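Please look over the sequence and the model shown here before reading the report.

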Amino acid sequence: MRPLPLAAALAVLVAFVAGLAAAQVPNDPRPPVPTGTITTPAPSETEGEGLPPVPTTPAPPPAVEPEISWRDSRAIGLPYAGRLVRGVQFPAAGPHLFTWDPLLHRSPNRSWRRWGTDGLVRVTLRVVRAYAAAHPGAPPVAIGDLSRPRGGYFGPKHASHQNGLDVDVYYPRKDRLERPPKTAVQVDRRLAQALVDGFVAAGAGKVFVGPNVGLHGPRGVVHELAHHDNHLHARFPRWRA
Ligand SMILES: [Zn+2]
């Protein structure tokens, strides 16, 4: 094919460009593509990508693990005479758990009652996750008090819970109601034992259980104690939590 003379080639090019421009110039009433309405995944679904955390809403339990501000915590002193430094707040609710305020008798527990060492918060979430996986039909676990934000004397209900290493966990109910049992008779003993076993396996130094529930565990770790017929109290050693 014979090449076009330069002038002819330019003329063709100019005509082509003009045609393109003409095709685009007409005032098109259509708005630009609304990119803002394109569905983007919620920040919680893209954890670790530097997106801002989702504001936590207490209920209903979120489908994903809640955001937690992890810090390197320190438990000072003893569980019944101590304090908590750089505590971590336990979430108000989670995929397999809710929190319970034992004084106001409602969920979620007030935020100042849910502080522990990072180790305690992490291990408690891990125990609940493993329990839920092993018992897919079980109702969500009710988590009670941990410690105050800076530990110290908690209040009339607790002698301990002072240095971020103690957590109360209510036994599951036979009737599956999402509130603590009132008496030992209401406790689903099989599921309650599974929770005790979970905390023992996770390295709890002490697990206090009620004398009327019929729960057991290794001597020296699981102890029967009055006022624990509706919840277990797990205490972790400092090296663990
Ligand atoms: Zn307790």
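## Basis of the model

This is a predicted model, in which local features need pLDDT of at least 70 and side-chain atom pairs count only at pLDDT 80 or more, while totals for chains, interfaces and linings use all residues. Residues are numbered from 1 along each chain as its sequence is written, and side-chain values use heavy atoms, with hydrogens and water left out.

## Overall fold

The protein holds three helices and 11 strands (DSSP runs numbered from the N terminus, helices being H or I of at least four residues and strands E of at least two), and along the sequence they follow the pattern α-β-β-β-β-β-β-α-β-β-α-β-β-β.

Of the 241 residues, 42% are buried, that is, under 20% relative accessible area with a 1.4 Å probe and protein chains only. Among contacts with a separation of 6 or more, 61% join residues 24 or more positions apart, a contact being heavy atoms within 4.5 Å.

## Zinc site

The zinc ion has as its protein donors His-161 (NE2), Asp-168 (OD) and His-233 (ND1), at 2.0 to 2.2 Å; donors are N, O and S atoms within 2.8 Å of the metal (3.2 Å for Na, K and Ca), and since water is not among the atoms, sites may look incomplete. The spacing of these donor residues in sequence is H-x6-D-x64-H. Because His-161 lies in the loop between strand E7 (141-143) and strand E8 (166-170), whereas His-233 belongs to strand E11 (residues 231-235), the pair ties together parts that are 72 residues apart in sequence. Both His-161 and His-233 are buried.

## Pocket and cavities

The largest pocket has a volume of about 590 Å³, where a pocket is an open set of points on a 1 Å grid over the protein atoms alone, with protein on both sides within 12 Å along at least five of seven lines, and lining residues have an atom within 4 Å of a point. Its lining comprises 24 residues, with Lys-157, Asp-168, His-227, Asn-230 and His-231 nearest the centre. E8 and E11 are the elements that give two or more residues to this lining, and E11 supplies the largest share, three residues.

The search also finds two cavities of 30 Å³ or more, a cavity being a set of points where a 1.4 Å probe fits but cannot get out. The largest cavity holds about 90 Å³, and of its 13 lining residues the closest to the centre are Pro-140, Tyr-171, Pro-172, Arg-173 and Leu-177.

Key
Buried means under 20% relative accessible area, exposed over 50%, partly exposed in between (1.4 Å probe, protein chains only). Grid points are joined across faces, edges and corners, and a volume is the space filled by probe spheres set on the points.
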